[in-house]
Amino acid sequence: MKLITSLLLFLSLATTSLASKGSPQTAEDKIAILETVYSNLYNAMGMNEDRPVLRLDTRRSRSVAYLKKNKDGSKTIAVEEKAFDVCMSLGEDGRNALAFLMAHELGHFRYEHHWGGEFASSFAIADIQEEIAEASKKLGELKFYETQADQMGGIYCYLAGYNIAGIGQKLLPKMYEAYGLPAINKKYPSLDQRIEITQENDKNMQVLINVYEAGTYALLLGEYSEARRCLQHCLNKGFKSREVYNNIGVASFLEAAELIGKDEVIYAYPVELDVESRIQTDNKGFAINVEELLNEAAKKFEQAIRFDPEYATAYLNKACVFSLQKKYEDAEYYGKKALRIAKENNEQNTTGNALCILGITYHQMGEQADAEAKLKEGKNDFANYLCEVNMNVVKGKRLESIEWIKRPTEGLFEAAEQTEGSLDRPKRETLDGVVDFMEDLEGEELEEVIIYKGSCYYLYLESSKILNLTTVNDEELYFQVCNKGYIGETEKGITIGTETKKVLKRYGTPDIAIPTRSGMLYYYTNPKIVFFTSEGKVERWMVYRMY
Ligand SMILES: [Zn+2]
């Protein structure tokens with residue numbers, strides 16, 4: 001069992017289905033809800049500077065939501081109270097609708113859309129119409145801006161865990177009615193056109209999400225170049241976030257480490273995804289490729305940092321690259337920076353990992369006492385397992401002689417010890433009756449997304465989604481994920497909503513456990529299944545196969 005702590009594998013799990021506790025009455029209640037949605041979105045954007053001030057506009061009712069530049073240069077993002085109420089009238093989708101509105105404005109903000117020289121935008125046509133008249137923008141241009149804002153907004157919503165698929169269709173007619181807006185207007189896309197834009201956007205988003213997920217799952221399986229190709233495709237299509245950059249960097253780093261081989265990579269780096277497979281790999285001797293990969297990794301981590309200068313994970317990962325490149329001073333600099341930021345933000349895992357890379361670096365520099373001090377601190381104060389492993393390394397042990405599997409992180413897997421019934425695991429897991437992907441899918445038409453040097457395919461079944469990638473070695477990777485509302489169960493009786501403890505009892509200790517933003521991910525190689533959990537419960541699972 002390996003507990004990977006720093007690899008920020010970002011898997012948006014769309015967990016924000018907070019039960020509505022009656023409609024909010026006071027302005028204070030409303031502001032609190034708005035603030036939460038706004039913070040989630042803004043954090044997902046990975047921008048720290050220049051954050052617009054949020055406002056619930058209780059006086060105006062003509063713009064729905066707007067973004068404006070104040071006289072002192074600061075910016076305000078506002079949602080009108082009337083629009084807020086319309087959003088909340090969608091019940092369960094209320095917060096998704098608010099996210100949809102605000103993310104759209106944030107999309108304009110990100111692109112710095114200007115109208116008539118003034119930085120201003122509003123969701124409704126009422127305001128924008130005057131601005132357009134001033135700037136004499138053509139309808140086509142406006143549609144372009146609106147599409148861009150919707151697109152960027154859609155990405156922020158996904159990253160923040162809000163599900164906005166179909167929201168435009170539900171919300172826009174209600175909004176137009178409440179505001180008495182004409183369905184057809186010469187100077188602005190009509191209501192129907194506007195709904196069309198959002199539907200088109202939904203579709204594009206879904207395709208990007210499929211490629212993004214395929215890439216992330218490929219990374220989990222150690223298929224690094226496929227992971228990179230998928231994630232790079234997302235970046236190229238505008239799905240830009242610090243997590244996407246970071247994960248590409250991680251894929252490059254892990255591939256480089258694998259190519260360098262066990263004789264040279266003697267430490268367990270805190271970006272590791274699958275240390276064991278690397279340990280079993282001999283030096284493949286692709287020196288030029290390795291340097292390229294490491295430079296690529298460093299570049300991607302740097303881009304992640306540019307997105308969010310307070311993103312400790314990216315500093316940590318960059319330190320790992322420098323360590324592998326034997327640039328010790330740089331490794332120390334980035335390790336220290338990661339440590340400071342992680343401590344300030346009270347990020348326990350990353351703090352432990354930063355101590356880990358500093359320990360590794362000091363050992364490389366021949367400073368034995370400093371190395372041991374850092375690793376000891378990480379091990380004792382932050383219960384960092386990788387610090388413990390590397391402590392053994394700096395004391396002269398070889399990585400492959402350290403017993404990983406027998407030392408699961410304390411507490412976390414206690415439940416796995418008390419096995420429930422027999423631990424004989426099923427040989428394979430199935431969803432929607434698919435046993436053999438090659439045979440059972442014969443005749444099915446999978447949708448193709450062309451990515452760099454290949455394709456990614458997807459297929460929606462009744463209660464699941466299938467993703468397929470062909471690797472450069474002509475291996476077929478299949479991932480099948482159950483839908484959110486899936487009511488079936490796994491071979492061992494796990495359903496959506498089952499407590500995590502039960503998964504561990506029935507399936508035993510996972511091969512890999514990765515903390516995600518909202519919970520944990522448990523990865524099993526026998527049977528080939530991955531559970532995604534949130535707040536102690538199973539949220540969905542995925543089965544995978546390689547041919
Ligand atoms: Zn707009």
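# Notebook: helix pairs, core and loops

I started with α7 and α8, whose crossing is left-handed. I was looking at a predicted model, and I kept that in mind for everything below. The contact draws on L208, V211, Y212, A214, G215, A218 and L219 from α7. From α8 I noted Y224, E226, A227, C230, L231, H233 and C234. Sorted by class, the contact of α7 with α8 holds eleven nonpolar, two polar and one charged residues.

Next I looked up the geometry of this pair. Helix α7 covers residues 191–220 and helix α8 covers residues 224–236. Their axes come within 8 Å and cross at roughly 155 degrees. An angle over 145 degrees counts as roughly antiparallel, so that is how α7 runs relative to α8.

I moved on to helix α13 (residues 328–344) and helix α14 (residues 348–364). Their axes lie 8 Å apart, and the packing angle is about 160 degrees. The two helices are therefore roughly antiparallel. I found a left-handed crossing for α13 and α14. On the α13 side, the contact is made by Y328, A331, E332, G335, K336, A338, L339, A342 and K343. On the α14 side I listed T350, T351, A354, L355, I357, L358, T361 and Q364. The contact of α13 with α14 has nine nonpolar, five polar and three charged residues.

N346 is not a glycine, but its phi is positive, at about 60 degrees. Most residues other than glycine have a negative phi. Is N346 buried or exposed? It counts as exposed, because it has 8 C-beta neighbours inside 10 Å.

Then I opened helix α9 (residues 242–260) and helix α12 (residues 312–324). I read an angle of about 20 degrees, with the axes 11 Å apart. That makes α9 and α12 roughly parallel. Here, too, α9 passes α12 in a left-handed crossing. From α9, the residues R242, N246, G249, V250, F253, A256 and A257 take part. They meet T313, A314, N317, C320, V321 and L324 of α12. By class I got eight nonpolar, four polar and one charged residues for the contact of α9 with α12.

**The core**

Which residues touch the most other members of the largest nonpolar core? I found L41, A99, M102 and Y156, out of 147 residues in that core. Helix α9 gives the most to this core, with eleven residues. Leaving out residues up to four places away in sequence, M102 touches V37, Y38, L41, A65, I77 and V79. In soluble globular proteins, nonpolar side chains tend to be buried together.

**Whole chain**

I wanted the totals next. I counted 19 helices and 13 strands in the chain. Of the 547 residues, 46% are buried. Taking contacts between residues at least 6 apart in sequence, 64% join residues at least 24 apart.

**Helix α19**

I checked helix α19 (residues 500–507) for buried positions and got T500, V503, L504, R506 and Y507. After α19 comes G508, with a positive phi near 80 degrees.

K453 sits in the loop between β6 (447–451) and β7 (454–460). Its phi is positive, near 55 degrees, and K453 is a residue other than glycine. K453 counts as exposed, because 9 C-beta neighbours lie inside 10 Å.

K427 lies in the loop between α17 (414–417) and α18 (437–440). I noted K427 as exposed, with 9 other C-beta atoms within 10 Å. How far apart in space are K427 and K528, C-alpha to C-alpha? I got 8.4 Å, for a separation of 101 residues in sequence.

That took me to P527, which lies in the loop between β11 (519–525) and β12 (528–534). The peptide bond from N526 to P527 is cis, with omega near -5 degrees. Most peptide bonds are trans, which made this one worth a line in my notes.

Technical notes. Residues are numbered from 1 along each chain as its sequence is written. This is a predicted model: local features need pLDDT of at least 70, side-chain atom pairs count only at pLDDT 80 or more; totals for chains, interfaces and linings use all residues. Axes are lines fitted to C-alpha atoms, for helices over the stretch in contact, and angles run from 0 to 180 degrees between N-to-C directions. Helices (H or I, at least four residues) and strands (E, at least two) are DSSP runs, numbered from the N terminus. Angles under 35 degrees count as roughly parallel, over 145 as roughly antiparallel, 65 to 115 as roughly perpendicular and the rest as oblique. A crossing is left-handed if the near helix is turned anticlockwise from the far one by less than a right angle, and right-handed if clockwise. Two residues are in contact if their C-beta atoms, placed from the backbone, lie within 7 Å. Ala, Val, Leu, Ile, Met, Phe, Trp, Tyr, Cys and Pro count as nonpolar, Asp, Glu, Lys and Arg as charged, and the others, Gly among them, as polar. A nonpolar core is a set of buried Ala, Val, Leu, Ile, Met, Phe, Trp, Tyr and Cys residues joined through C-beta atoms within 7 Å. A residue is buried if 20 or more other C-beta atoms lie within 10 Å of its own, exposed if 12 or fewer, and partly exposed in between; C-beta atoms are placed from the backbone.
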